[in-house]
Structure formats: structure tokens, C-alpha cells
Amino acid sequence: MGASEYEVREGLFYSKEHEWLKVEKGQVRVGITDYAQDKLGDVVYVELPVVGRKVKQIGEPKNRDMELGAVESVKAVSTVYSPISGTVKEVNSTLQERPEIINTSPYDEGWICVVVPEDLDKEIKTLMDAKAYSEYLKNLG
Amino acid sequence: MFRENEQIPLSVKFRHSRELLACYPHPNFPTISLTGGNCALNCKHCGRRYLQNMISCPTPAALREKCFELSSSGATGVLLSGGFNAEGYVPFEPFLDTIEEIKRETGLFISAHTGLVPEWLARELGRVGVDLADFDLIGDDDTIKLVLGVERTVGDYRRSMLLLSRYLPRVVPHICVGLHSGEIRGEFRALELASEIDPPLVVLLVLAPTASTDFEGVNPPSPAIFKEVAATARLMFPQADLALGCMRPRVRERLEIELAALQAGVDRIAMPSKQTIRAAWSMGLIVKELQACCAVPEGVVRPGKSFDPSC
């Protein structure tokens, strides 16, 4: 698939590691992008974060405090990093029984968790909007 | 390691080494489909689904370009796979010269998921430099008919395995526990057959009911039954590495299957869970990462970091 064939949804914010973030009232919803799910292939397992866990926004160097969990396909494991600092409020436990919905609905049913952010206004500026993320995908080739 | 007739210490019988290799094929040891999404068979457990997760290189030119690209980006090897033709093997014929060139120019370790090869193809795969055959070994005629839907027999599988072991440096039997719709049928027979080639490594898989296949709704074998097969394999192959491969259930009973494998004495697990890594560590094992397919022999890819027990 070419970069332009992946769905990049307007109104969401994106990390370079291909997580998306949707701002809701006082909280954010997080998942992985259409590009990420396609590159992984059939998702067979999702490791979810524990509710109440504090996470840091993805940065360099990466460390465990930035990890929300992992998504596995048959031959690959991919760490899911947090695009925002905060506390995990809710997880999508449906993914434990039906991990494949990350493939079929990465932006809707396949959300991973809800985080209550610590400093949304500051940290969201470090993420890409839909236009910037589309350009980023094009540059990945 | 041991002289003939020397009694093998019990610890070796039950565990080949004090290490557990956690194997991660992505990104340095990818699987390539030489047939794209096509397969002449429609196996009940796969239904061509597995092909969708492979890199598609359906022409020699595409294979050449992809392997050279992988080599320059740090890959150590590739697993050449794909759909089967009506005879039950991956049609390698058009790719032989290209495989030879890739091997010569890149030095990539080349594994081939072959299927039921005729002798000429086994000989050609050896000639062009294939390093290892990943061979699905089935030990029950009814399972072959039920799952693959082809009129082949256990004898055909045995013949292909012996041919491959004649012409290739290594043959690694892969035995899927519960392949007969979740039932145990030919697994122990397959282990007996595998012992005929004295393999360096045996890979055990577990039927993973996969969405959009005929086996979507079947129950995989229980962890206890898997453990029985794995423990038998451990005893039958005391000096071979034993691996739990990547094709296995990951949603339900994942941890139980991985722990059963550990307790049975496997040396390698493809992408183990964190809980399994912690359990291995508590058993006194050193857990190391191998960035390759679990069937790749030691020495081809050097094990990487040891896992921290607090992971």
C-alpha cells in the first residue's frame, strides 16, 4: 500500500511511533494508526496497561515509563508508547478476546485506552495533526 | 557431547541448556511469500490467511530487490514461504537462480518452508544454497486429508523429509499439536518420524483457531495435552533444541501453553509473554533474545541482550 492509501483521520493527533490520540472531555483516547496495524499484519494479542498506571509521553531515549503495552502479530511484537503523560483511566478489555478489531477498526472499536492527561496543552503541541502525519507517512516511503 | 552408550545426565534429558531463547523474527528475519496471496490448497487451519502476513514477492525480480534491500537494512536472513501448488509444495522453480544470487551476494541465511518436495526440487534447493528447510511434518493420513485436502500420506511426508535432509544442511521438523481439528492424532508418530533424521532442532506448534478459516471455531488442544507432547519430544530429542513456535493460540491459554512448554523443557519460545520470561527466570534460566525465526540454529544469529528479571 502507498502512504496515501492509509486512513489518517482528521481531528486526531499522531505520534511518530504511529499512535493516535483523540481529545475528549478532560481525557484522551489512544490507539494505533491504520498504517501501524497494516504493517503489523493480523493482530493476535494485545497487552493492555493497568488502570491507574502513570505514563510519560514518548520521547528519547525511550523507557518503560512511556510504555502503554504491546501489540503482537504472528511474527512481530510492537510496543505501544503513550503519546501523552497522564494516568490510565480505562482500557479496552474487548481487545483481550478480540485483538483482531485493531485491524478492522483501528480508530473506533480498536482503541486501546483512555488517559487523563497531566499537561495536555503543552504536550499536544509535540504531536502531529492529520496533515502533518500524512506527510510523515509519505516520507517513510 | 556424549560418547556412545554413555548415560545422559537427567538434567540434560529434561533441558538441553540453561538458557531460554526468546525469538523475535521481526524485523531481521522476515517471511516472504513467493506466491503472493495465492495457494492451490485451502487448508482448514489457514485458508490462505497466513499468506497475508508475509512480504509478497511473487516474481524473481521482486524477490531479488526485497532481499537486497533487507540485507542492506541489517536483516540476517529470510524465510521463503508461500502458497502450495496442487502437488503440495511451494513452487520454487522460477526463483532458483535468484535464490542462488541472493545467497552469493548477500550472505543472508535462507530458510525455506518447502512442503512436499519431489527429489529434483530438494536437490535444487540444496544446490542454490538454501540453508534450512522448515518442514511441516504430519503423522496421520486422516489429518492430511482433513486439513490439507490432498491425497497424500504420512509416507509422502517421510519421503520428502528424508530427501530434504539428504540435500540440505539442516531440516527442522515442525509439528503442529492439535492440527486435526484440535484432536491429538499423528503427533507422536510425527516425533518418531522426525527422529529418523536426527534433527538439530524440533519446533512444536499449537493449532491456533484463526478468524475467517474453517477452524475458526474449533477448540485448540489443552495446555496439558500440549505438555504431554512437548515432554515426550524433550525425552526423544535430549540433544536437540526444542522450540515453541510462533503459530499458537495467543488469546486464550497463551500463558498456560507457554508455561507448559517451559516445564516440559523447551529451549526456545517465539515471542514469549512477559509472564513467561519472568517464570523462566524464576526457574533459574537465563533468558536471551534471538532476533530470528525460532528454527534458526545457534551461531547464525548471535543471541542479544539477556532479559532483566524485573521486565
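Begin with chain B by selecting Leu63(B), Phe92(B) and Phe226(B), which touch the most other members of the largest nonpolar core, a set of 113 residues. A nonpolar core here is a set of buried Ala, Val, Leu, Ile, Met, Phe, Trp, Tyr and Cys residues joined through side-chain atoms within 4.5 Å, and buried means under 20% relative accessible area, with exposed over 50% and partly exposed in between (1.4 Å probe, protein chains only). Next colour strand E8 of chain B, residues 201–206, which gives the most to this core, with six residues. Helices (H or I, at least four residues) and strands (E, at least two) are DSSP runs, numbered from the N terminus.

The model is predicted, so that local features need pLDDT of at least 70 and side-chain atom pairs count only at pLDDT 80 or more, while totals for chains, interfaces and linings use all residues. Residues are numbered from 1 along each chain as its sequence is written, chains are lettered from A and ligands numbered from 1 in the order in which they are written, and side-chain values use heavy atoms, with hydrogens and water left out.

Stay with Phe92(B) and display its surroundings: leaving aside neighbours within four places in sequence, Phe92(B) is in contact (heavy atoms within 4.5 Å) with residues including Leu34(B), Leu80(B), Ile99(B), His113(B) and Leu125(B).

**The annotated span of chain A**

Select residues 27–116 of chain A, which the UniProt annotation "domain: Lipoyl-binding" (unreviewed entry) covers; UniProt positions are given in the numbering used here, feature names are shortened, and annotations may be inferred rather than shown by experiment. The end C-alpha atoms of this span lie 5 Å apart, and the span is 17% helix and 39% strand.

Now pick strand E9 of chain A, residues 113–117, which is largely enclosed by the rest of the structure because four of its five residues are buried. Strand E3 of chain A (residues 27–32) runs antiparallel to E9(A) and is joined to it by three bridges; here Val28(A) stands opposite Val115(A). Strand E8 of chain A (residues 86–91) is likewise antiparallel to E9(A), with five bridges between them, and Gly86(A) stands opposite Pro117(A).

Move on to the open sheet of three strands in chain A, whose order is E4-E6-E7 with antiparallel pairing; two strands pair if DSSP finds at least two bridges between them. Strand E4 (43–47) and E7 are the edge strands, each pairing on one side only. Neighbouring strands of this sheet are turned by 20° against each other on average, direction ignored. E4(A) and E6(A) pair over four bridges, and Glu47(A) has Ala70(A) in E6(A) as its bridge partner.

**The modified lysine**

Which residue carries the feature "modified residue: N6-lipoyllysine" in UniProt? The record, an unreviewed entry, places it at Lys75(A), in the loop between strand E6 (67–73) and strand E7 (77–81) of chain A. Lys75(A) counts as partly exposed because its relative accessibility is 25%. Show chain B around it as well: leaving aside neighbours within four places in sequence, Lys75(A) is in contact with Pro25(B), His26(B), Thr31(B), Leu79(B), Cys246(B) and Met271(B).

**Salt bridges**

The structure holds 28 salt bridges over all chains, each being a side-chain nitrogen of Lys or Arg within 4 Å of a carboxyl oxygen of Asp or Glu. Select Glu72(A) together with Arg248(B), Arg250(B), Arg254(B) and Glu258(B), which are linked in a network of salt bridges.

In chain B, Glu19(B) forms a salt bridge with Lys288(B), the closest N and O atoms being 3.1 Å apart. This pair links strand E1 (residues 19–23) with strand E11 (residues 286–290) of chain B, the two residues being 269 residues apart. Glu19(B) is partly exposed at 22% relative accessibility, and Lys288(B) is partly exposed with a relative accessible area of 22%.

For the last stop, return to chain A, where the side chains of Lys62(A) and Glu60(A) meet in a salt bridge (2.9 Å, N to O). Lys62(A) is partly exposed, with a relative accessible area of 34%, whereas Glu60(A) counts as exposed at 63% relative accessibility.

Notes:
Axes fitted to C-alpha atoms, helices over the stretch in contact; angles between N-to-C directions.
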